[in-house]
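Hi,

Here is the structure I promised you. Have a look at it first, and then read on for what turned up in it.

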Amino acid sequence: KKGRSRSGAGRLLENYLRSSSPEILVQSVRVSPGNQREGEMSAEMSTGEKLPCGEELMTIVRTQTHVKGRKIVQIIPMLLQGNRSGAASKDLVGKWRADVILSVGGGPQRQAVATFHHWGVKDGTRIDEVLEEASGILDHHIRGGTVCFVHCMGGFSRSVAVVAAYLVRYRGLSLPQALEAVQLARPSAHPNGQVRDSLLAFAKKYQGEPAPCPPPPNP
């Protein structure tokens, strides 16, 4: 497997997407189009609309306006990412209309949301089981048209890995594409230590031999 060529990995990914990716439909979502001021979504999904995947999704990601350096950022429609401070802000959570919060080592910052999930994992440690469980939870809620917010302590590593895992497993992105999608909104995002190792193993499991993680962004 270590000797697999890039073209072979590409063929494996193409075959995976063609044979394994389910048709993803969103039921509904209660947000309005916005110009990406904080607390506004950039897209509106309607009942029965197919969620974009692969290159179609990357086109949306690369063309949407990103507000960088905030406590909560939109990665793709209905998927938010951020830090503990964002999760602790009732006003911000309310403005973004997040009904599901996933805390990955960011503490139990409960808000008045319908669903809350918390994993008490330290940064830099293996999070294999968290990636499996959290990506599945995101898929379930986003299919149902619910806005989800994933956060950790600083918003740079663990929550980034969870968001990237979801994008790889359910939205047909390669690992470099998934990390690009996050870094466009949060340039300093970069899974570190064994969190990175878990993400690489996850991508290998669902899409074959992944390309290496890009280097950390310049400070």
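**Salt bridges and a helix pair**

Let's start with D123, which counts as partly exposed because its relative accessibility is 36%. Keep in mind as you read that this is a predicted model.

What does D123 pair with? It forms a salt bridge with R158, and the closest N and O atoms are 4.0 Å apart. In case that idea is new to you, side chains of opposite charge can pair when their charged atoms come close. D123 sits in the loop between strand 6 (115-119) and helix 5 (128-143), while R158 belongs to helix 6, so to speak a distant part of the chain, 35 residues apart. R158 has a relative accessibility of 7%, under the 20% cut-off, so R158 counts as buried.

Two others are worth a look together.

In one, R169 pairs with E132, with 3.4 Å between the closest N and O atoms. Since R169 is in helix 6 and E132 is in helix 5, this pair ties together parts that are 37 residues apart in sequence. Are these two buried or exposed? R169 comes out at 18% relative accessibility and therefore counts as buried, whereas E132, at 24%, is partly exposed.

In the other, E132 turns up again: its side chain meets that of K205 in a salt bridge (2.8 Å, N to O). Here too distant parts of the chain are linked, with K205 in helix 8 and E132 in helix 5, 73 residues apart. K205 is exposed, at a relative accessible area of 55%. Through shared partners, the salt bridges join E132, R169 and K205 into one network.

How do helix 6 and helix 8 lie relative to each other? The axes of helix 6 (residues 158-170) and helix 8 (residues 193-207) come within 10 Å and cross at roughly 5 degrees. Angles under 35 degrees count as roughly parallel, so helix 6 is roughly parallel to helix 8.

Which residues make the contact? On the helix 6 side they are R158, A161, A164, A165, V168 and R169. Helix 8 brings in V195, L199, F202, A203, Y206 and Q207. Sorted by type, the residues of this contact are nine nonpolar, one polar and two charged.

Technical notes:
Residues are numbered from 1 along each chain as its sequence is written. This is a predicted model: local features need pLDDT of at least 70, side-chain atom pairs count only at pLDDT 80 or more; totals for chains, interfaces and linings use all residues. Side-chain values use heavy atoms; hydrogens and water are left out. Axes are lines fitted to C-alpha atoms, for helices over the stretch in contact, and angles run from 0 to 180 degrees between N-to-C directions. Helices (H or I, at least four residues) and strands (E, at least two) are DSSP runs, numbered from the N terminus. Angles under 35 degrees count as roughly parallel, over 145 as roughly antiparallel, 65 to 115 as roughly perpendicular and the rest as oblique. Contact means heavy atoms within 4.5 Å. Ala, Val, Leu, Ile, Met, Phe, Trp, Tyr, Cys and Pro count as nonpolar, Asp, Glu, Lys and Arg as charged, and the others, Gly among them, as polar. Buried means under 20% relative accessible area, exposed over 50%, partly exposed in between (1.4 Å probe, protein chains only).
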